[in-house]
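Here's a quick briefing on the chain shown below. Have the sequence and the model open side by side as you read.

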Amino acid sequence: MSALASPTIPTTVLQRLPDGSVEVVLRGAFSHPHWLAYLLRALAESQISLVSGRAVQNDTQDWDARVALDFRQSQLQPEKLDYVALAQQRFNMATLAAPQLGGFRITRRSDLQLEAQLEAPDQVGFLGRLLTRVSSLGLFPSELEITTVGGCIKDRIVFRGIMNKAPTDTVQKSLEAMCRLMMTSPRPPPVAPQPDGHNLSRPA
């Protein structure tokens, strides 16, 4: 019987992009499923803002992530930060107010995982506060695409169930109900129609 593979130690690679932002590539295993939210929260406290990012967890539980960061408002140097250590920090998100949503759409993918498309006004700690609440349903992120443009958050998150099982229909309905409770007014800027003709749910 073969031994279980040891977790891959996270590594970091930095690259300065033509638009002046800094791309940080992180690969490896992280001890907490919300590690990316913790990293972004720590960076935001130092006035480092997210431009865009994508993270995917593979079958061996390793993550492959790329985030583009804007350092123009920060006095910190990108090369001097320990991004892995920041991602391993813990923030008590459960005591914070619920995030505010401007629109959402929940669908079930062909692999039976749930995909959430979310829009929201830009707010500190959005991702961490959202994931903390969603984890109470037994849902954990396996893929994230996150973007902030013109003061509007546009995220796509794929959720898996406990032990990588497919979330039940009941859990999907609970997630939709949770998102409805986080809806706010006024509405964020309108979004283009989805390819299949279904738009994000918005406040009445």
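**Glu-143 and its surroundings**

Setting aside neighbours within four places in sequence, Glu-143 touches Arg-54, Ala-55, Val-56, Trp-63, Arg-109, Arg-156, Ile-157 and Val-158, where contact means heavy atoms within 4.5 Å. Keep in mind that this is a predicted model: local features need pLDDT of at least 70, side-chain atom pairs count only at pLDDT 80 or more, and totals for chains, interfaces and linings use all residues. Residues are numbered from 1 along each chain as its sequence is written, and side-chain values use heavy atoms, with hydrogens and water left out.

**More on Glu-143**

- You'll find Glu-143 in strand β7, residues 140-149; helices (H or I, at least four residues) and strands (E, at least two) are DSSP runs, numbered from the N terminus.
- Glu-143 counts as buried because its relative accessible area is 11%, and buried means under 20% (exposed is over 50%, partly exposed in between; 1.4 Å probe, protein chains only).
- The Glu-143 side chain makes polar contacts with two arginine side chains: Arg-156 at 2.5 Å and Arg-54 at 3.1 Å.
- A polar contact here is a pair of N or O atoms within 3.5 Å; within protein, one must be able to donate a hydrogen and the other to accept it, and residues adjacent in sequence count only if both atoms are side-chain atoms.

**Ser-21**

- Ser-21 sits in the loop between β1 (11-16) and β2 (22-28).
- With 5% relative accessibility, Ser-21 is buried too.
- Its side chain pairs with that of Asp-19 in a polar contact of 2.6 Å.
- Beyond neighbours within four places in sequence, Ser-21 has contacts with Gln-15, Arg-16, Val-51, Ala-68 and Leu-69.

**Helix α3**

- Helix α3 spans residues 126-135 and is mostly covered, with 9 of its 10 residues buried.
- Those buried residues include Phe-126, Leu-130, Leu-131 and Val-134, but also Arg-129, Thr-132 and Arg-133.
- Among the elements covering them are α1 (35-45), β6 (114-121), β7, β8 (152-160) and α4 (169-181).

**The whole chain**

- The protein chain has 4 helices and 8 strands, running β-β-α-β-β-α-β-β-α-β-β-α along the sequence.
- Of its 204 residues, 48% are buried.
- Taking contacts between residues at least 6 apart in sequence, 64% join residues at least 24 apart.
- The chain exposes about 11100 Å², and carbon and sulfur atoms supply 54% of that; accessible areas come from the Shrake-Rupley method with a 1.4 Å probe, and for residues only the protein chains shown count as cover.
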